[in-house]
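Keep the viewer open while you read.

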Amino acid sequence: MKTTFKIFTLILVFTTFLFAQNKQIEKKIDDLLKQMTIEEKIGQLTQYSGDRSATGPVTFKGDHKELIKAGKIGSMLNVLGTNYTRQYQEIAMQSRLKIPLLFGQDVIHGYKTTFPIPLAEAASWDLEAIEKAARIAAIEASASGIHWTFAPMVDIARDPRWGRVMEGAGEDTYLGSRIAYARVKGFQGNGLGNIDAIMACAKHFAAYGAAVGGRDYNSVDMSERQLWETYLPPFKAAVDAGAATFMNSFNDINGIPATGNKYIQHDILKGKWKFDGFIVSDWGSIREMIEHGYSKDLSEATKQAILSGNDMDMESSAYRNSLAELVKNKQVPMNIVDEAVRRILRKKFELGLFDDPYKFSNPERERKELNNPEHREFAREIAKKSIVLLKNEKQTLPISRNVKNIAMIGPMAKVTKDNHGFWSVTIPELNYDKFVVSQFDGVKNHLGKDTNLLYAKGCDIDCKSNEGFAEAVETAKKADVVILTVGEAWNQSGEAKSRSNIHLPGMQEELIKAVKATGKPVVVLINAGRPLVFDWTADNADAILYTWWLGTEAGNAIADVIFGDYNPSGKLPMTFPRSEGQIPIYYNHFNTGRPAKDDKNITYRSAYLDLSITPKFEFGYGLSYTTFQYSDLKLDKKKMEMTDKIEVSLNVTNTGKYEGEEVVQLYLRDKVASVVRPVKELKDFQKIKLNAGETKTIKFTINKEKLSFYNAQLNWIAEAGEFDLMIGSSSADVRLKDTFELVNLNYIH
Ligand code: GLC
């Protein structure tokens with residue numbers, strides 16, 4: 001009793017304190033707003049990029065410092081480092097009201113220490129590790145003067161032609177929502193105001209990943225239902241996690257550009273979801289509404305953006321040039337401007353920047369945090385967990401350390417920056433070649449003096465020439481086993497990197513064929529920011545590891561897996577198509593009235609005449625050096641009322657000889673409903689570790705939330721009826737099945 005009372009009292013005190021603190025901040029904002037001129041207000045809504053590295057088409061070549069001194073810029077991006085940020089902040093402190101600048105940066109998967117790209121981290125299905133990676137990124141970035149990261153990118157993406165799939169968590173809404181929540185929590189830590197907390201920014205709002213044809217920036221057109229069911233939930237998860245900011249997206253949604261879209265920004269995000277942070281436009285996206293044909297000029301674009309809920313203007317110079325006039329001639333009410341300014345000032349107060357504008361610019365802390373060995377150690381940890389074993393014939397992997405001769409071949413063997421991927425922060429003093437562990441060095445670090453490590457490049461990454469193939473083949477012939485590492489260069493996935501052909505670049509697959517022809521066992525490492533097509537390799541290589549872009553410790557992590565120090569546990573967060581012609585292909589599709597059940601009977605069936613109905617590798621797929629057996633599925637009831645729940649339990653046994661981790665996946669199918677439902681949907685998962693021979697009992701709970709969906713009227717409801725329950729090692733590898741019924745006593749009279 002006493003403990004409960006104590007806890008209750010503590011919560012009450014803490015809530016009261018928070019409430020009082022918030023009221024105090026609102027009072028300070030009121031006082032500040034009263035002093036601000038319209039120009040100074042608009043200054044808070046204006047953001048520009050520093051001139052060291054642009055992450056978009058630069059629109060303003062003027063002198064930012066003069067504008068900052070005049071209080072006409074409130075935030076900068078691509079200004080990083082304690083020294084550089086201090087310089088800019090000192091200028092802001094010369095302005096009339098001394099309102100501190102916000103420094104934003106794309107800290108997408110690490111700052112100086114980089115982690116696997118987000119899509120690779122998603123393949124770890126390890127929410128704790130994903131949160132910790134964001135946490136370390138925040139510690140390093142905040143030590144380097146950064147207040148705000150433009151992450152997590154939470155766009156659901158089903159089209160691997162879209163280069164930005166690398167930044168997100170893949171195709172599944174449930175997994176994507178869990179990961180969105182974890183990343184926001186990681187970046188914001190114990191809350192704004194803490195020295196190592198930075199503002200998260202859920203982006204790109206909304207549905208940017210559904211660009212037609214997977215062509216970046218292209219239009220998005222979908223039903224309301226699909227928007228709510230598939231694309232919005234990860235953003236809602238970000239709001240639930242307390243995301244401080246949102247970034248809207250370049251695309252039009254059902255004909256209205258996101259940046260000027262009142263429905264998503266004002267009605268949903270700020271209205272229904274009660275989001276109290278602020279929305280920043282994407283780079284120049286306000287101005288781009290002219291190009292969209294939605295605004296006749298910059299003034300109209302400004303009006304549409306501010307009235308629809310876009311608070312801050314990144315790099316359009318729209319608000320700076322047009323907003324004062326619009327307020328003056330009463331086209332934009334002052335209270336709308338004040339509301340946008342209030343949202344931004346609120347975050348500056350919460351970060352503590354008014355108390356100490358230089359609190360994040362401490363060179364001593366920067367030196368310590370940016371060279372923290374524990375960060376690298378964790379980078380290696382999460383990189384190992386992100387690797388997916390796609391194939392392992394004849395137990396080719398793990399390679400024994402006693403092997404006499406190993407050949408490491410391929411264009412990715414000795415590169416460094418390409419392990420970082422597209423969104424690595426260009427820190428001035430960072431020298432990738434010194435800081436990133438190449439795959440060749442990682443393997444070399446693992447070998448004793450008795451093993452001979454041979455090397456041949458074979459070709460460059462673009463692999464337009466086979467001149468180096470002969471040397472590669474000769475090198476392979478001298479080896480007992482070949483590690484052949486291929487894939488995409490750092491800039492072949494990422495923003496504005498959509499590709500119509502997502503095969504391995506150039507003649508890389510020919511290189512694999514030539515090396516395979518030697519008859520030596522070949523382990524292929526595929527490095528990429530997206531699912532690639534590699535049909536022949538998938539059918540002919542002895543073993544394949546999908547190694548994505550793994551960051552700073554790529555080489556060591558890959559070697560840990562190759563030599564069995566770590567048993568790979570990754571599972572694909574996206575479907576891998578057999579060919580570009582099969583796109584879009586994703587696991588949680590509707591059944592249709594003529595579903596194809598196999599590759600034989602496809603007449604009058606939803607299938608291609610010239611291609612299998614199955615993907616090359618399915619969502620949730622990933623092998624291990626050991627095997628797992630699933631058994632003893634139990635449901636504590638087979639009928640569940642709306643307010644009830646079903647307890648599910650099963651056993652998983654490690655039936656092999658290696659310790660290993662397994663991602664146990666729970667899929668449900670609503671068999672009949674008022675709108676058609678997917679053939680299966682991921683509704684829960686658990687990643688477990690089992691020693692050889694060990695059995696663990698896993699439990700899941702089915703509640704109404706897991707059975708709910710948006711009906712035709714966009715109500716979030718569950719409907720009585722029968723459900724299939726599937727427990728699997730992937731979305732296709734279903735090991736245990738059962739059915740249960742949801743009953744609704746209110747309907748039964
Ligand atoms: C880019 C990207 C966005 C990024 C912003 C700032 O165009 O679309 O994700 O955060 O500009 O670099």
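Start with helix 7 and helix 9. Their axes come within 8 Å and cross at roughly 25°. Because that angle is under 35 degrees, helix 7 counts as roughly parallel to helix 9. The crossing of the two is right-handed. Keep in mind that this is a predicted model.

Which residues of helix 7 and helix 9 meet? On helix 7 they are Thr-173, Gly-176, Ser-177, Ala-180, Tyr-181 and Val-184. Facing them on helix 9 are Pro-233, Pro-234, Ala-237, Ala-238 and Asp-240. By class, this contact of helix 7 with helix 9 has seven nonpolar, three polar and one charged residues.

## Helix 9 and the three-stranded sheet

Helix 9 (residues 233–240) also lies across strand 5 and strand 6. Its direction is about 160° to that of strand 5. Both strands belong to an open sheet of three strands, in the order 5-6-9, with parallel pairing. Strand 5 (201–205) and strand 9 (278–280) are the edge strands, and each pairs on one side only. On average, neighbouring strands here are turned by 25° against each other, direction ignored.

Look at the pairing of strand 5 with strand 6 (residues 245–248). The two run parallel and are joined by three bridges. Which residue of strand 6 stands opposite Ala-202? That residue is Phe-246.

Now follow the chain to Phe-205. A cis peptide bond joins Phe-205 and Ala-206, with omega about 10°. Ala-206 sits in the loop between strand 5 and helix 8 (224–231).

Gln-105 stands opposite Thr-149 in strand 4.

Pro-152 lies in the loop between strand 4 (148–149) and helix 7. A cis peptide bond joins Ala-151 to Pro-152, and omega is about 10°. Glu-315 is in the loop between strand 10 (313–314) and helix 13 (318–328). Its phi is near 65°, a positive value in a residue other than glycine.

## Two further helix pairs

Two packed helices are described by the angle between their axes and the distance between the axes. Here are two more pairs in those terms.

| Helix pair | Angle | Axis distance |
|---|---|---|
| Helix 1 (residues 2–35) and helix 14 (residues 334–351) | about 125° | 10 Å |
| Helix 6 (residues 127–142) and helix 16 (residues 373–386) | about 150° | 11 Å |

Take helix 1 and helix 14. Their angle of about 125° makes helix 1 oblique to helix 14. The crossing is right-handed. Helix 1 contributes Ile-25, Glu-26, Lys-28, Ile-29, Asp-30, Leu-32 and Leu-33 to the contact. From helix 14 come Asp-338, Val-341, Arg-342, Leu-345, Arg-346, Phe-349 and Glu-350. How many residues of each class does the contact of helix 1 with helix 14 have? There are seven nonpolar, no polar and seven charged residues.

Next come helix 6 and helix 16. Helix 6 passes helix 16 in a left-handed crossing. On the helix 6 side, the contact is made by Ala-129, Ile-130, Lys-132, Ala-133, Ile-136, Ile-139 and Glu-140. On the helix 16 side, it is made by His-375, Phe-378, Ile-382 and Lys-385. These residues divide into seven nonpolar, one polar and three charged.

## An aromatic pair across the sequence

The structure holds 34 aromatic pairs. One of them is formed by Tyr-174 and Phe-685. Their ring centres are 6.2 Å apart and their planes stand at 85°, so the pair is edge-to-face. Tyr-174 is in helix 7 (residues 173–188), while Phe-685 is in strand 21 (residues 681–690). The two residues are 511 residues apart, so this pair links distant parts of the chain.

Conventions: Residues numbered from 1 in each chain as written. Predicted model: local features only at pLDDT ≥ 70, side-chain atom pairs only at ≥ 80, totals over all residues. Heavy atoms only, no water. Pairing = 2+ DSSP bridges. Helix = DSSP H or I, 4+ residues; strand = E, 2+ residues; numbered from the N terminus. Axes fitted to C-alpha atoms, helices over the stretch in contact; angles between N-to-C directions. Contact = heavy atoms within 4.5 Å. Parallel < 35°, antiparallel > 145°, perpendicular 65-115°, else oblique. Left-handed = near helix turned anticlockwise from the far one by under 90°. Nonpolar A, V, L, I, M, F, W, Y, C, P; charged D, E, K, R; others polar. Phe/Tyr/Trp six-rings, centres within 6.5 Å; stacked < 30°, edge-to-face > 60°.
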